[in-house]
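I opened the notebook to go through this model entry by entry. My looked-up items follow, grouped by topic.

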Amino acid sequence: MDTGGGKATIEYDDAITRMFLIAGILWGAVGMAAGVFIASQLAFWQMNLDLPWLTFGRLRPLHTNAAIFAFVGNMMFAGIYYSTQRLVKAALPSRLLARVHFWLWQAIIVAAAITLPLGLTRGKEYAELIWPIDIAVAVAWVIFAINFFWTLARRNEPSLYVAVWFYIATIVTVTVLYVVNHLQIPTGLLHGYPIFGGVQDALVQWWYGHNAVAFFLTTPILGIMYYYLPKAAGRPVYSYRLSVVHFWSLVFIYIWAGPHHLLHTALPDWLQSLGMIFSVMLWAPSWGGMLNGLLTLRGAWDKVREDPVLKFFAAGVTFYGMSTFEGPLLAIKSVNALSHYTDWTIGHVHAGTLGWNGFMAAGMFYWLAPRLWNTRLHSTALANFHFWIGLVGILLYIASMWVSGISHGLMLGATTEGGSVLKYPNFLDAVTANRAMMHTRMLGGMLYLSGWVLLVYNIWRTVASGKPVNGTAEVFVAERRSHRLTLAEALTSTPVMFTAVILACVLLWAIGWDFVKMLALLGLIVAMVVAVDRVESRLQGWGEWYDRLLANSLPFTVLTVFAVLIGGLVEIIPTIVMHKASTLEGVRQIPYTPLQLAGRDIYIREGCYNCHSQMVRPFVGEVLRYGDYSKLGESIYDHPYQWGSKRTGPDLHRVGGKYPHIWHLRHMENPRSVSIGSPMPNYPWLLQNRADLGSLKAKFDVLRTLGVPYPERSQDRLAQEAAAEAKVVADDLGKSGAAVEPDREIIALIAYLQQLGKSEQVPKATTAATAKPMR
Amino acid sequence: MSRLAQNSADADAPLKGHSFDGIEEYDKKLPNWWLWTLYGAIAFSFFYWFYFHWVGNPETSVQRLERQLSAIALAAASSGGAELDDTALWKMSRDEKIVSAGRKTFLTTCVSCHGVDLKGGIGVNLTDKDWVHGGKPTEVVRTVTKGVLDKGMPSWGPVLGKMRVAQVTAFVLSHHAEGEEIHMVPSPTKSAGAAAPAPAAAP
């Protein structure tokens with residue numbers, strides 16, 4: 001075809017946006033209600049109701065998954081389907097695929113809502129769903145990706161707008177992250193073990209976990225901001241070149257920052273440092289997004305006073321700026337020493353989710369609903385009231401978490417008598433001190449949820465007053481291939497080459513050894529000088545190059561993939577290759593016995609990791625309180641790792657052998673019988689249920705495949721060994737005056753808990769030299 | 001800000017010549033403070049790595065921990081002169097202030113096994129004349145400090161510190177009288193210990 005082209009009218013598929021919009025609103029209410037419920041459990045332990053499927057450990061994953069994947073997921077799909085069609089002037093190519101995407105996603109959410117309370121979990125935060133659901137998630141995501149890129153391929157708009165850049169980054173990166181962190185081997189239909197263990201699993205988990213925040217909760221919402229905010233404000237975007245700089249720096253830097261969730265743990269030092277410095281470098285790129293949002297509102301602030309949509313956007317972007325400043329702050333090692341494992345992190349996350357995600361969602365829904373149903377918003381006053389009540393809710397929430405987190409961290413770390421003993425030896429002192437903050441947080445959550453209920457009502461009345469319409473547009477179908485950059489041209493172009501050389505030099509400098517290091521540093525300086533010189537003289541040309549890049553989505557996508565892959569590769573590959581490093585500190589985990597493994601799976605099922613860490617950090621306060629600090633080799637056989645991220649209760653890594661069996665029995669039956677004031681739920685069913693020993697064969701086979709040194713044993717043999725161990729524990733309990741059948745779950749759990757922190761000495765690895773350059 | 005000023009500020013800002021679904025973009029210069037934040041963070045990171053992972057030889061967190069722990073051990077060793085004897089502990093057990101401080105520690109730390117009334121439960125009865133690990137005040141101090149791990153008594157010395165151990169011992173002694181008969185018995189619940197987990201069947 002030649003330039004040709006003609007005029008055509010297209011009708012957008014807005015029905016799919018309406019479906020996702022309604023789903024997002026309803027699941028939002030469910031996710032927030034679950035949040036308020038579990039907040040009430042932390043304030044009043046009685047709210048656990050002594051029911052297995054309603055305990056905090058099982059419901060907290062339900063809350064996080066609902067908020068992330070059900071609420072923000074549906075909101076994101078609504079926002080992306082609506083804006084992408086308009087930004088590229090093309091209707092969705094497949095209405096069928098979009099519907100499959102929608103219904104599959106809702107089915108996944110329902111499946112999650114059933115399996116998580118049943119205790120079917122993978123035991124990894126924000127990645128709890130069991131493997132059959134994981135596969136469904138991947139399929140749904142790929143369907144979404146196909147429809148999205150197909151839309152781009154059929155576009156009638158030559159160039160790609162910044163919102164679309166962020167959508168592309170979201171789709172490709174989430175695919176990579178989700179697949180890698182969910183690699184696992186099934187032991188049955190409803191259970192599997194992750195292929196990574198110990199430190200590797202920790203690293204992969206937080207590479208995923210941190211970037212779920214980055215590429216599921218941040219980049220798609222930035223894309224949505226770039227479409228809906230200027231639309232609602234009626235103002236041009238503040239700065240195109242800021243978009244370019246902050247987009248590329250954000251997607252490149254974000255991926256490296258994952259290890260900041262593992263500071264002061266057994267993770268090797270060089271990874272911890274990378275996690276910290278990349279978090280610090282992430283500050284400006286994040287604020288670039290905030291600036292482009294807030295400064296676009298210049299000249300429209302008078303509208304903010306009346307328009308609830310702009311109010312939500314302005315506050316949402318402000319909260320984004322606040323939490324992306326707080327994030328780098330918390331990632332600084334010395335700050336993290338205080339804040340880690342405390343409510344400060346919880347407050348930080350909710351500033352992002354309630355403030356940024358929740359408010360951007362509310363603004364977008366209020367803006368979309370009247371347009372999708374061709375009517376007016378039912379009540380502006382009600383929407384404004386939602387804004388204020390929600391804002392007060394957020395402020396109460398995060399302020400109480402700051403107070404609680406900081407006092408928790410300070411109290412648990414405090415020492416006295418010249419730093420030789422703990423000032424607050426009883427862990428519960430720090431818990432009881434923050435009781436009022438738990439109540440305040442609950443109140444904040446309730447206010448926020450109430451605001452959302454108002455939104456549900458307001459949108460429902462709006463929808464009822466109109467009728468659905470699909471947008472249309474007149475497009476000129478123009479041939480546009482002439483000046484597009486091909487993939488080969490893009491990859492060999494000067495800007496890409498310069499970036500590659502500079503990155504290679506930095507990497508060589510960082511990880512190389514003496515001579516190479518110097519050479520790399522020299523190369524870096526030369527490349528920078530030349531690059532700066534070129535930018536000065538050829539800025540015009542580079543700008544045109546970028547315009548041509550934007551006219552072709554393939555090279556753009558490929559370059560985005562490169563940008564996000566580098567960080568993950570550099571951090572993860574050495575950790576997997578240097579498996580031997582697990583013996584660096586001279587201790588190695590003793591693999592679990594059959595009964596202990598059965599107990600461990602109960603620990604994971606009940607979600608104990610939601611409140612208990614298994615990672616003693618190398619601080620005096622922690623060593624005095626818990627025992628020797630945790631070493632790298634002491635969790636290498638843990639699939640999944642259970643280092644944890646929050647201490648609502650004490651660390652458990654050295655709990656093995658600390659108390660008699662009978663203590664654990666009484667404690668699990670009713671924690672308050674031995675720990676006065678404990679907020680932990682009762683677990684009476686552990687004394688009644690029989691432990692699952694029938695799947696031991698499948699589980700041990702999988703673990704052996706994954707490299708845990710187990711001999712081959714038959715199911716009968718494993719069950720016999722477990723029964724023999726169980727008898728020893730039960731006999732001991734009997735002597736202490738508690739008659740428990742040896743086949744109960746509590747026996748297995750006690751066997752697991754009593755093994756925690758027991759390791760064997762091994763000769764120090766001679767491979768230490770390989771890790772030396774990076775220390 | 002007045003609309004007039006706003007408009008004139010926009011007038012000299014170049015608009016990028018494109019429009020997406022009606023959205024236009026300025027192409028304003030990046031704010032200097034933002035650029036310097038970015039450059040500053042990159043420079044900080046460069047020097048951080050330069051110092052901590054190349055030229056410098058900073059103390060690692062494990063080295064710092066070891067230094068602090070050995071300082072504590074040294075301080076403990078050098079303050080050995082102030083060891084308490086039986087007489088001093090009996091005297092403390094009649095001091096209302098010390099006993100009530102000891103009660104506070106007991107109610108948060110020991111109560112879970114020895115009970116609110118000290119009559120035992122998971123742990124042994126502390127009010128009768130039967131003693132398993134020695135009933136002399138200094139022996140009680142030793143049991144609290146070092147624990148009896150294979151009987152399920154944790155070592156509380158590192159957690160509580162000398163002062164609180166002495167206080168809590170005084171509190172226990174306040175339920176007894178000096179010169180009272182001490183009746184040594186073997187552990188009432190033989191091998192109530194937890195510390196010996198099930199013999200590890202070959203993994």
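Which residues have the most contacts inside the largest nonpolar core? I found A:Phe365, A:Ile747, A:Ala748 and A:Leu749, in a core of 261 residues. A nonpolar core is a set of buried Ala, Val, Leu, Ile, Met, Phe, Trp, Tyr and Cys residues joined through C-beta atoms within 7 Å. I call a residue buried if 20 or more other C-beta atoms lie within 10 Å of its own, exposed if 12 or fewer, and partly exposed in between, with C-beta atoms placed from the backbone.

Ground rules. This is a predicted model: local features need pLDDT of at least 70, side-chain atom pairs count only at pLDDT 80 or more, and totals for chains, interfaces and linings use all residues. Residues are numbered from 1 along each chain as its sequence is written, with chains lettered from A and ligands numbered from 1 in the order in which they are written.

Helices (H or I, at least four residues) and strands (E, at least two) are DSSP runs, numbered from the N terminus. I then looked up A:Leu749. Leaving out residues up to four places away in sequence, A:Leu749 touches A:Gly599, A:Ile602, A:Tyr603, A:Met668 and A:Leu686. Touching, or contact, is C-beta atoms, placed from the backbone, within 7 Å. A second, separate core has 5 residues, including A:Cys505, A:Trp509, A:Ala510 and A:Ala527.

Domains of chain A. I noted domain 1 (1-129 + 137-155), domain 2 (487-582) and domain 3 (583-761). The bounds come from an automatic or database domain assignment. Between the C-alpha centres of domain 1 and domain 3 of chain A I read 35 Å. Their contact uses 17 residues of domain 1 and 18 residues of domain 3 of chain A. On the domain 1 side, helix 2 of chain A supplies the largest share, 5 residues. That side splits into 5 nonpolar, 6 polar and 6 charged residues. Ala, Val, Leu, Ile, Met, Phe, Trp, Tyr, Cys and Pro count as nonpolar, Asp, Glu, Lys and Arg as charged, and the others, Gly among them, as polar.

Chain B. I listed 7 helices and 4 strands. The order from the N terminus is α-β-β-α-α-α-α-β-α-α-β. Of its 203 residues, 28% are buried. The assignment gives domain 1 (1-59) and domain 2 (82-184) of chain B. Their C-alpha centres are 65 Å apart.

Where chain B meets chain A. The contact takes 61 residues from chain B and 74 residues from chain A. Helix 2 of chain B brings the largest share of the chain B side, 11 residues. I sorted the chain B side into 37 nonpolar, 16 polar and 8 charged residues.

One loop residue. B:Lys28 sits in the loop between strand 2 and helix 2 of chain B. Buried or exposed? B:Lys28 is buried, because 20 other C-beta atoms lie within 10 Å. From B:Lys28 to B:Ala76, 48 residues apart along the chain, the C-alpha atoms are separated by 65 Å.

Methods: Two residues are in contact if their C-beta atoms, placed from the backbone, lie within 7 Å.
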